[in-house]
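Let's take a walk through this structure together, starting with its pockets and moving on to its charged pairs. Have a look at it first.

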Amino acid sequence: MRKVTIQVPATSANCGPGFDSLGLAVNLYNEATYEVTDTKGFQLEVVGEGAEYLKPFGRNLAFASFLKLWNKATDCQRIGLKVSMVNRIPMSRGLGSSSSAIVGGLFAANILLGEPYSKDELLGLATEIEGHPDNVAPAIYGGFTISYMEAEKAHSLRLLPAKPLKFVAVVPSSKLATSLARQAIPETVPHKDAVYNTSRASLLVGSLLSGNYEYLGMSLEDKLHQPYRAHLITGLADVFAAAKDAGAYNAIISGAGSTVMAYVDPAKDYEAVARAMVKAFAQHGEQAVYHILDLDTEGVKVI
Ligand code: HSE
């Protein structure tokens with residue numbers, strides 16, 4: 001087998017209080033066809049996000065992740081590689097576009113080599129590249145994931161919420177590099193803030209599993225990363241307020257930002273929530289678009 005097409009879902013990490021731990025996959029997808037060629041070197045075709053600036057370099061995560069697994073499994077057998085992508089996940093907006101490239105590349109190489117590695121081993125390789133497991137885990141497994149590191153190895157528990165939710169992702173035109181957003185976080189936090197987050201993250205998992213969504217509003221609050229990043233996202237406090245005023249349970253920074261994601265009861269007017277959030281961004285001079293999303297339960301797959 002020399003060619004495979006992979007689909008990877010967008011993800012939303014942190015989920016409010018679960019910094020570097022919680023994540024979920026949503027039904028917005030990137031697709032990539034990986035083809036091993038006789039011609040040495042890299043070729044890249046991109047439709048959609050990143051088409052104007054992604055280049056066929058070894059540093060490009062789609063190539064780097066494929067080659068990480070390929071070289072490990074084949075003792076560095078030299079190949080040419082052609083990648084054709086259809087990218088729908090906005091880049092540098094906190095919706096897991098990097099994870100999609102990492103997971104897509106690893107998964108494609110694994111398939112073309114006859115699946116020498118399990119999904120759990122792919123999680124380990126993906127986390128080595130990404131640096132933390134909270135986006136790559138839901139991209140691999142789908143659903144809602146609780147990830148943790150033990151002895152520098154990533155593990156993840158995948159769960160499905162008891163009842164459906166709508167995820168309103170409002171994507172501002174301003175990008176935010178994860179590296180910059182991580183620099184904003186202090187080395188240490190007050191103990192009471194850690195307790196605040198432990199209780200909210202626990203409540204979030206309990207609420208999602210039990211279907212007691214009346215706790216979602218409180219459980220999506222955070223003191224470990226959002227307060228330190230708020231100044232990096234124009235109008236954030238007003239966008240949060242607009243989401244709640246329009247009927248969302250609550251809203252959070254998706255991943256490291258800049259997307260703001262509201263969690264909404266499917267019975268409510270989630271389009272109105274989206275419009276209110278876009279309007280709040282606009283009042284601060286920030287253009288934004290929105291996506292109304294559902295949970296993806298499958299994760300990465302061959303199509
Ligand atoms: N947990 C990560 C962060 C997600 O907030 O920096 C973005 O990669």
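**Pockets and charged pairs**

Six elements each give at least two residues to the lining of the largest pocket: strand S1 (3–13), strand S2 (22–37), helix H1 (61–74), strand S4 (80–87), helix H2 (97–112) and helix H5 (178–183). Helices here are DSSP runs of H or I with at least four residues, strands are E runs of at least two, and both are numbered from the N terminus. This is a predicted model, where local features need pLDDT of at least 70 and side-chain atom pairs count only at pLDDT 80 or more, while totals for chains, interfaces and linings use all residues. Residues are numbered from 1 along each chain as its sequence is written, and side-chain values use heavy atoms, with hydrogens and water left out.

So what is a pocket? On a 1 Å grid over the protein atoms alone, it's an open set of points where a 1.4 Å probe fits, with protein on both sides within 12 Å along at least five of seven lines; lining residues have an atom within 4 Å of a point. The largest pocket holds about 660 Å³ of space, a volume being the space filled by probe spheres set on points joined across faces, edges and corners. It has 44 lining residues, and the closest to its centre are Leu61, Gly96, Ser97, Ser98 and Ser99. H2 gives the largest share of that lining, six residues.

The second largest pocket has about 160 Å³ of space. Its lining includes Lys72, Tyr117 and Asp120, and helix H3 (119–130) provides the largest share, five residues.

Now for the charged pairs. Side chains of opposite charge can pair when their charged atoms come close. Count a salt bridge wherever a side-chain nitrogen of Lys or Arg is within 4 Å of a carboxyl oxygen of Asp or Glu, and you get nine. One of them joins Asp38 to Arg2, with the closest N and O atoms 3.0 Å apart. Asp38 sits in the loop between S2 and strand S3 (41–48), and Arg2 in the segment before S1, 36 residues apart.

Another pairs Asp294 with Lys166, at 2.8 Å between the closest N and O atoms. Asp294 is in the loop between strand S10 (288–293) and strand S11 (301–302) and Lys166 is in strand S7 (residues 166–172), so this pair ties together parts 128 residues apart in sequence. Lys166 is buried at 15% relative accessibility, whereas Asp294 is partly exposed at 30% (buried is under 20% relative accessible area, exposed over 50%, partly exposed in between, using a 1.4 Å probe and protein chains only).
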